[in-house]
Amino acid sequence: MPIRTAIAIILIITEACACSPERKSEASDPAAGSAQVHQTELQPQTENVSLNQNPTTPAPAPAAAVAAPKVSGEKAMQYTREVVAFGPRPIGSAGHKKLEAYLRAHLKNDELEEDTFTAQTPAGSFKMTNFIAKFPGTRDGIVVIGGHYDTNYPLKNYVGANDGGSSTGLPLALADVLREHKEGRPTVWLVWFDGEEAVQQWSATDSTYGSRHLAAKWQADGTLPKIKAFLLLDMIGDADLDVLRDTNSTSWLEDMVGQAAVKQGTSSHFFATENGIEDDHLPFVQLGVPSADIIDMDYGPNDSWHHTSKDTIDKVSGKSMEIVGNVVLQVVWQIT
Ligand SMILES: [Zn+2]
């Protein structure tokens with residue numbers, strides 16, 4: 001059960017952890033770094049006008065924006081079902097290994113990078129792997145879409161259909177879309193993060209192992225400035241979809257998510273509440289990457305299914321994943 005702690009600075013900020021039953025709030029404002037956004041300007045295309053030798057012929061209109069394609073909620077649901085069928089998938093488990101093999105098999109024809117590292121945790125050192133599938137686009141820059149694939153380590157008999165399952169299954173369905181549709185969008189990197197869950201108790205050092213590793217790696221190799229936006233998906237399969245507005249995310253990107261939902265006619269599922277969430281986006285927010293955590297933290301009555309044996313596939317809906325997936329695609333195709 002998340003602890004929601006009020007912090008008096010000027011505003012009252014409440015924070016809740018994405019995936020830990022207990023957590024400490026921090027007085028820092030990780031969203032502060034998000035002020036350094038780097039949207040590229042649209043370059044006006046005037047050359048064709050001067051080459052237009054017949055004044056009666058109208059100048060070519062600017063290329064029409066390519067409409068964002070749609071994701072299949074049925075496919076997202078099928079992938080999530082298959083993922084959950086591996087059973088519990090905490091780091092170091094047999095289910096985790098099976099899922100890694102499953103991801104490799106599904107992404108074998110894509111440009112797949114495995115970011116493997118050793119993490120020191122309260123339960124010892126673990127080999128962890130972030131999977132990164134790259135889908136080149138026709139516009140500049142990179143949009144990263146991520147979700148975690150591990151399930152909670154301390155919990156037993158826990159399959160994490162929503163928390164870990166949906167965040168693995170929906171990106172697989174998005175991969176199917178991105179393979180077929182590259183016109184009118186930037187390059188997209190899909191990331192399946194390892195080690196999001198705390199091994200013992202959620203803290204800055206016992207959580208988000210994969211995203212902390214990858215953010216630091218991309219800072220070191222110069223990748224971060226190329227990332228226009230990072231969209232994180234977590235717990236987005238809840239049949240009663242209620243995505244909150246995360247106050248730790250970058251506000252203009254959250255605005256884009258809300259506007260995309262309006263355009264899709266699904267805004268009733270977004271931003272009825274707001275909260276500050278600690279999740280895999282924070283390492284990127286802290287390094288100045290515009291980031292939005294798309295998360296429904298109200299799972300079951302008073303979030304009572306979160307991190308319990310009740311987080312099962314019957315609580316998950318393909319329709320919810322489709323709503324979120326289509327909003328994400330809208331943002332990707334719209335971002336400049
Ligand atoms: Zn969790």
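Leaving aside neighbours within four places in sequence, Trp 305 is in contact with Tyr 299, Gly 300, Lys 310, Asp 311 and Lys 315; two residues are in contact if their C-beta atoms, placed from the backbone, lie within 7 Å. The model is predicted: local features need pLDDT of at least 70 and side-chain atom pairs count only at pLDDT 80 or more, while totals for chains, interfaces and linings use all residues. Residues are numbered from 1 along each chain as its sequence is written.

Trp 305 lies in the loop between β10 (291–295) and α8 (318–334). Helices (H or I, at least four residues) and strands (E, at least two) are DSSP runs, numbered from the N terminus. Is Trp 305 buried or exposed? Trp 305 is buried, because 20 other C-beta atoms lie within 10 Å; buried means 20 or more such atoms, exposed 12 or fewer, and partly exposed in between, with C-beta atoms placed from the backbone.

Two strands pair if DSSP finds at least two bridges between them. Val 143 stands opposite Ala 229 in β7.
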